[in-house]
Every structure is written in structure tokens, then in C-alpha cells.
Protein chains: 2
Amino acid sequence: MSKTDAVLKAADAGLQLSLDLLFQFLSIPSISTDPAYKPECRRAAQWASDQLSEIGFTSRVADTSGHPMVLAHRRPANAQRHVLFYGHYDVQPPEPLDLWQTPPFEPRIETGPRGERIVARGASDDKGQLFTFLEAARAWIAEAGELPVAVTVLLEGEEESGSPSLKPFFDANKEELRADLALVCDTGQWDPETPAITTRLRGLVGEEVTISTAGRDLHSGMYGGPALNPIRVLTGLLSALHDDSGRVTVPGFYDGVAELPEAISRQWSGLGFDDASFLGEAGLTPGVAGEKGRSVLEQIWARPTCEINGIHGGYTGEGFKTVIPAQASAKISFRLVGKQDPAKVRSAFREFLKARLPEGATIAFREHGASAAIELEADSPALALAAQGLQQEWGKEPILMGSGGSIPIVGAFRSELGMPTLMIGFAQDDDRIHSPNEKYDLKAFHKGIRSWVRILGNLGEWR
Amino acid sequence: MSKTDAVLKAADAGLQLSLDLLFQFLSIPSISTDPAYKPECRRAAQWASDQLSEIGFTSRVADTSGHPMVLAHRRPANAQRHVLFYGHYDVQPPEPLDLWQTPPFEPRIETGPRGERIVARGASDDKGQLFTFLEAARAWIAEAGELPVAVTVLLEGEEESGSPSLKPFFDANKEELRADLALVCDTGQWDPETPAITTRLRGLVGEEVTISTAGRDLHSGMYGGPALNPIRVLTGLLSALHDDSGRVTVPGFYDGVAELPEAISRQWSGLGFDDASFLGEAGLTPGVAGEKGRSVLEQIWARPTCEINGIHGGYTGEGFKTVIPAQASAKISFRLVGKQDPAKVRSAFREFLKARLPEGATIAFREHGASAAIELEADSPALALAAQGLQQEWGKEPILMGSGGSIPIVGAFRSELGMPTLMIGFAQDDDRIHSPNEKYDLKAFHKGIRSWVRILGNLGEWR
């Protein structure tokens, strides 16, 4: 039996223990966007650091001005290569709570159409995913006595809130973080039977806009007519952001966006992706949104967007209140591709709104994060070794795909440390991440651990 | 000395006693919206009913499913006519408490720029106002032995919380409430020296709209592009409700809206109303909103509007969440004038949105009340007799003005009992109703009592 086979056997034998530990982790409500959960974020960090120590890493919880980082190392004497594994221990807020079938921080196993699955906030994004790597490392050390490569583990607690501490932490710990390759486990499979390596990520610009028109909330009977209504101003401005063909109207927005190369376009068409079932699963109607004349895969992997992620103004409780509010606000995000410059997109957006602002209204902006898009080279040896590991585990070539979401850390690895990143994860399209009843397939968890056992083994051969 | 002059003299002599009683009334924190104050609401009702008994009415506290009504009658044998007086004993919550110079339910007299004034929650709205009528009735009965007309008094305890019990109470007590004329003392003077009768009230149609596009909230990275965003659908629909000239675009909306008669238009222009200071006091910029080419008074008294009173969708908490929500909703109200039909406005609005709804979205509506506009005929004998009483007291013709808001009771008097209403009150623009340090000028209280003494006397001549 090869070393890798023995480690796989050990991982299989320890699966129930791995799951028990994951349940402990999922029970901690580490909601990073809500200041009320600050102590819970620290508790999750400490818990993860303790686990890394138990596995055999030298680990610490490192303070930042926000939620702490977990930073752990294990450097075998004979290792040729060094990888940095990144994950995040924070989770999205669970609201709306009434749509959860069971409480979001009381993990449980349920049976879904494809078998058993883990249900909890963070089950997939990202506690379940990052745990596949930790358990693979645990199996290697426990069974083979050592890891095949040197490993640094970095776990962040602000991924769901724009990672404000990441850049300062990178600047302060650059040498400690440097490795040959970064591994990120925050992406999905192609389908439940087919692994994937994500090589493209969209970037992100987040903005919050507040319109003010009056000194206080006003009674719509007394002032309705001559009072400028900030909700009306806001809806007018936001409705101007797209044209009838679904394109964003902000001048210069498409600068740096290239058309998809013919070869990639052909490859993606050949994937047999079913637009209708992908959208239908989410309750969406196909063909009614996005830029006209582009496939769903092109729209989410290779085209930029502008979305209103939140809007609020006036009275929104039960019943009715005839108020003209003093203010109204919205949260807007742009997904970026290719060479779009986040700073230029932000300033073009602000200019666009300012130019349309009616007299009598003022506008204020607040920045919520920025990251450029990523496209990875397809011919690196590490990519080939990782792809081989996935092929061994799943009996299928992994798909080299894109992802609509942003993983800001990947941009930082590249810009701050000059490191390439392999994004490998085992999430499924129906995992309901950021939604009620988030889940992670038990099979994905198990085969995810096994995939990392193989990938770590193969990377040991990287010279 | 005429009978009325004798009663006026008696009212003057009793002013200090009237004020002492009002202070007792103002000391009861009858906050109808807060369930914690339910016993205080009942205490206020009982106190007012006891006062009406003492004055000489047959009075009772009548239970409803909410706060009780006070219902009192006095029917002189020789009275030709019968009036129904309406007021409300409940008050707005006093918050924010830290902005009150003295506790809101410890009434006091302070000296303001125009003389002494009564400071307390409810001093103006509506305890002080309704007490002017009660004290006039007291003076008539005490001095002249009888009222000049039959009087029914109805005091409500839910005016500040939407009057949910009013309609059932009307239905159950229709015959007991029927009279020739209703008098409502919940409005203001034109200015501190000039009385007014409000003859126009705008109507109201309230609607709640919910747009749905997906089966659940979605991640804007994974779905941004092909997912139809309900906030974008909603902002698009709402931004189509007005044209560039500030007019509402819903077809048929202006049916039943007449241009202001030249005479009234001239009268209003002559009032010396200062648009800039009225709007400026609320932090608004003049000349930037409402239908172009119309004065502020015309806009708020005689023109219909469409306002967005609330909007909500997606993530609106601290920080940022890159969600595409499944739903977004808004609360919208229309102020109506003239003969606009609330039911037709509601259905035209719904058709307007449905016709513009993009494929892939569904829309749901929820009704939040409806009332037609009120315009009292300017040539009724009762109006002339009341106007004459105000003229006698103030030495000035009362202004026949409009009010931008709705007073639902007035619509109910007309629709349920076929009764016209005279709205006469002595509040000032600076009374701070619904705000901290609410006050009522002592002069308004005193001359308010005297005005009602004269109006009651004059109505005794109504044949």
C-alpha cells in the first residue's frame, strides 16, 4: 500500500471524528458583519487554532484591528515545497431566521436527494470546506508521521465583511506568509460527480449611497407635494444604472473588459451547462436578466455586473405610516472582470450619480471593499499535480472553470506576495450559501478530505 | 346684555378653573400606541366622562376592542338643531424624552414670544383643543341654564394609532351618533391673530407592493447577471410613477381633479404664505419638488400626490452583504383631492405596475386604507353661522383653508352618517404637535373657549 493509500484509509476511519469536530466549529455563531458577535468570532478563531495545534501545527491567534487571524505552520525537514492554505472561519448573518427549518447554529445531518448532508450556517461557506483540508493534514501527520510539503494555514475572520484587516496583516507579516503556492478552498465542484479547479474570479466594488433631502422625517399630508422625497430620488438614480439591453450605463464601466476568446467560449459551450435548470433551481426565470445575447456561464464567469444588494428608506414595519423620510440609502456592488480597475469604477459610479442628483438633494458615499478580477495561467506544474489528484479521487478530469464571486485574498496573494493560487473546493450549486438552510453534502466533505490527501501527496513530488 | 355676552363673561371668570381641569387631564399619560399605557387611556376616558357628567351631560365610557370611547349627550327640549362634537383623548408617545425641558406629563405655563403658553404632551393635540369646546358648553349650561343646540360629544382614544375601533363603533351606534352637523376641533388657525375653518382635506390611498423574482436570497457572485434583481425591478417601476414635470403618470389619476377656481386661487395668493420659510423650517429646498408651476399652498391643499413612504429590500444592516434578495417591497400612498375615486386610483396604480412588470417577476399588492378627499360646500348656513362667530371673536373673517392631511373621522361622518363637518381649531403652526415640548398658547385656549361660546350661540339660530 502506498503512503497516500494508507493516509486515505486513516482519513476514512476518522470520518465520524472529523464530522464531530466540524459540528463543534459550526455551533459557534461567528458572524463577522455584526459587532454583537465579536466575541463569537474570537471564540471560533481560538477553537480553530487549538485544532491546528492538536493536529501538529505551531499555531497562534493573531490580533488585528478587526477580527483576529489564525496563523499556523508545520515545516517538515525534508519538504521541497511550501504551500499556504487559506480559509475563513467567519460566516454570513443567518437572517431571515424564520426560513430556517432548524436553528442555523445547531448543525444536523439530514437526508437530501443525493444522500446525507450537513445543515448549518457555514456548513459549506467556509467552515465545512476549510475543514476538508485540516482533516487531510491531520490524517497525513497521524498516519504517515509528517506532511509531504511544508504547510502554512491562514484563517481569516472577515471574509464576509470585506476583509478590512487583510492588507495591513499582509504588510506586517509578508515573510511569514510567503510560500510557493496558495491553496484556497472556497469554491465549488462542476457538478456533484465532477471536480473543478477555479481559474477565474470576478472582482468586486462595494458602495453605500445615502440621499438626504430634509432636516427631519416629514408628514406626507402636510408636506407631500413640495417636499423632495429621497426615496423617489434614490429610485430614479438607481433605475438609470442599466439600459434596456442589460448593460451598465456608467461611462467607462466596460474599459478593460475583453470579449471571451473563441476557444474558451467553445469549451464552455461544450460543458453541457443547463441554464434553465441552474436558474430554475433558484426559482429564477431564464432569459429575462443580464446582458442580452450572452450565455449564463459567460454572464457569471466573464461579464461584469452592477447589483443593488440592499435598499432602505422610510417606514418599513407593520402597517402604514405616511412619512416622507429625511433620508434613503442603498448598497450597490459591481462585479468586475478582466482588467477593470476597481478605483476607476468606483469614481465613475460616483460621478454618474452626482451628475444626475436633483437640486434639493445631497448624496453621501461609503466605500465597502474593492478587488480586481483574477485570471490564472493554465500551464503551471502545481495545477497539473492538483488536477491529477482530483482525477485520481473522482475518476474524471477536473473542469477548469470560472467563478462569479470574488475571493479578495487571491488578489492579495498575487499582488502582495507574487504567489499563484489554486482554488479547489467541493461546494455544490445547491448548497444555499448565504441563504437559509445552508448545507454541505456529506459526500463532498468525505471526498473533499480524500482529494486533499491526494493533492498533498502529489505536491510532495513537486520539484 | 345678550345671553351670549353673559356666557362669555362667565367663561372669562372661570378661565383659571378651566385651566386647572385641563392640567389634570394633561397629567394622564394616555399614549394609545403603547400597550403599557392601556390603563392610562382608560383613566383619561373615565376622567373626561366624569367631567362631561359634571358639566351636565349624560355620559358613559363605551368599551371597544381597543381603547374605549367617551359618548355623552345633552338634548335641550327646545333645541332646533343637533351637533356632534368629536375630539380624541389619546396622545402621541413623548419620545425622545431627553429633548423635553420638563416632563411631558407635568403640564406647566411658560412665557413664549407671544405670551403665556401651556406646555405638555397633548396640550394642543388634542386635549387642549377639545377642552375649549367642553368649557364653552360648561359656561352655557352654568350661566344660561341650557345649551343653544343639542350636543353629542364623542371622544376617541385611538386617533394617534389609526382608529381601528372607529368603524365598528360607528356601525354599532349609528343612530345614537346621528346629528345635523359634526364639529371637529383638531385643526389650526391661519396665524395667531386669524381664525380659520378647514373646508378641504386630501384623501388617501395606501398600497404596499412586493416584487418577487427568486425562490430564495441569492449570492450576487454566483447569480449576478442572469438573476433578475427585485430591487432593480422595484426601483424601475417606482421611477416611472412621475414625469419630469412632477405629475403622476398613472393613467386616469387626474380624473376628478379640478383646477382651483380663480377666486380661491386669488384668495390663497393674497394670504402672504411664505413658501421658503415653511419649507426651510423643515430643511427643504423650495422650488425643487412637486408639480411645476404651482404654489406650495396649492400643492398641499388642492393637488394630488404619489409618495413612496417606505422601501425595503436585501441587506440593510451594518456592513455589506452581496445578496440578490428574493423580494423587495415598498409602501406607497396617494393623496387625493376633488372627486378622485380611491378605488379607481388603486386599481389604475395596480394596472400601471402590472403592465410594466418584466418577465420573471411577480407582483403582490396589499391595501392600506382608502378615503376620498373632502370639500365642504362653501354656502352652507352652518358654515356661515360658525364663520360669523369666529369673526365676532377675532374681529377678522376666518380663512377658509385646506389641509394636506386626512382626518379619517371626517370621511366617516360623511360616508357613514351623511353628515357634513366643520373643522375649527385654534392650534398654531409652532405648537410642536407630535414633537418634544408640545405647547398650546393660553390665548388660543381662552379665545378658543370664547369662539365656541359664540358658535354655539349662533348655531342656536340655525333653522
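## The interface between the chains

The area buried between chain B and chain A is about 6,500 Å², and carbon and sulfur atoms supply 57% of this area. On the side of chain B, the residues that lose the most area to chain A are B:Arg216, B:Pro226 and B:Phe320, which together account for 12% of what that side buries. The structure described here is a predicted model. In terms of contacts, 73 residues of chain B touch 83 residues of chain A.

Polar and charged groups also meet across this boundary. Between chain B and chain A, 35 residue pairs are in polar contact, both residues being at pLDDT 80 or more. Strand E11 of chain B, residues 305–314, gives the most to the side of chain B that touches chain A, with nine residues. Sorted by class, that side of chain B has 26 nonpolar, 33 polar and 14 charged residues. Four salt bridges are found across the interface of chain B and chain A. B:Arg216 forms a salt bridge with A:Glu281, in which the closest N and O atoms are 2.9 Å apart. B:Arg216 is also one of the residues that lose the most area to chain A.

## Strand pairing across the interface

The two chains are also joined by strand pairing. Strand E11 of chain A, residues 305–314, is linked to E11(B) by five bridges, and the two strands run antiparallel. Within this pairing, A:Gly313 has B:Ile311 as its bridge partner in E11(B).

## A three-stranded sheet in chain B

Chain B contains an open sheet of three strands in the order E4-E5-E18, with antiparallel pairing. Strand E4 (108–112) and strand E18 (439–441) of chain B each have a single partner strand and stand at the edges, so one side of each is left without a neighbour in the sheet. Neighbouring strands of this sheet are turned by 35 degrees against each other on average, direction ignored.

The pairings can be followed strand by strand. Five bridges connect E4(B) with E5(B), and these strands run antiparallel. E4(B) and E5(B) form a hairpin, with two residues between them. B:Gly112 has B:Gly115 as its bridge partner in E5(B). On to E18(B), strand E5 of chain B, residues 115–119, is joined by three bridges, again in antiparallel fashion. B:Val119 stands opposite B:Lys439 in E18(B). Helix H2 of chain B, residues 15–26, lies across E4 and E5 of chain B and runs at about 35 degrees to E5(B).

## The three-stranded sheet in chain A

Chain A holds an open sheet of three strands in the order E4-E5-E18, and the pairing is antiparallel. E4 and E18 of chain A are the edge strands, each with a single partner strand, so one side of each is left without a neighbour in the sheet. The twist from one strand to the next averages 35 degrees.

E4(A) is joined by five bridges to strand E5 of chain A, residues 115–119, and the two run antiparallel. A:Ile109 has A:Ile118 as its bridge partner in E5(A). Helix H2 of chain A, residues 15–26, packs on the sheet and touches E4 and E5 of chain A, its direction making about 35 degrees with that of E5(A). Helix H15 of chain A, residues 442–459, lies across E5 and E18 of chain A and runs at about 60 degrees to E18(A).

## Salt bridges

Over all chains, the structure holds 75 salt bridges. One within chain B is formed by the side chains of B:Arg43 and B:Glu40, at 2.9 Å from N to O. B:Arg43 and B:Glu40 both lie in helix H3 of chain B, residues 38–55, where they are three residues apart, about one turn of the helix.

## Backbone features in loops

Two cis peptide bonds may be noted. The bond from A:Glu95 to A:Pro96 is cis, with omega near 0 degrees. A:Pro96 is placed in the loop between strand E3 (82–88) and strand E4 (108–112) of chain A. The bond from B:Asp125 to B:Asp126 is likewise cis, with omega near 5 degrees. B:Asp126 is found in the loop between E5 and helix H4 (127–144) of chain B.

A further backbone feature concerns A:Arg432, whose phi is near 60 degrees, a positive value in a residue other than glycine. A:Arg432 lies in the loop between strand E17 (421–424) and strand E18 (439–441) of chain A.

How values were computed. Residues numbered from 1 in each chain as written. Chains lettered and ligands numbered in written order. Predicted model: local features only at pLDDT ≥ 70, side-chain atom pairs only at ≥ 80, totals over all residues. Heavy atoms only, no water. Contact = heavy atoms within 4.5 Å. Buried area = accessible area lost by both parts, 1.4 Å probe. Polar contact = N/O pair within 3.5 Å; in protein donor to acceptor, adjacent residues only side chain to side chain. Helix = DSSP H or I, 4+ residues; strand = E, 2+ residues; numbered from the N terminus. Nonpolar A, V, L, I, M, F, W, Y, C, P; charged D, E, K, R; others polar. Pairing = 2+ DSSP bridges. Axes fitted to C-alpha atoms, helices over the stretch in contact; angles between N-to-C directions.
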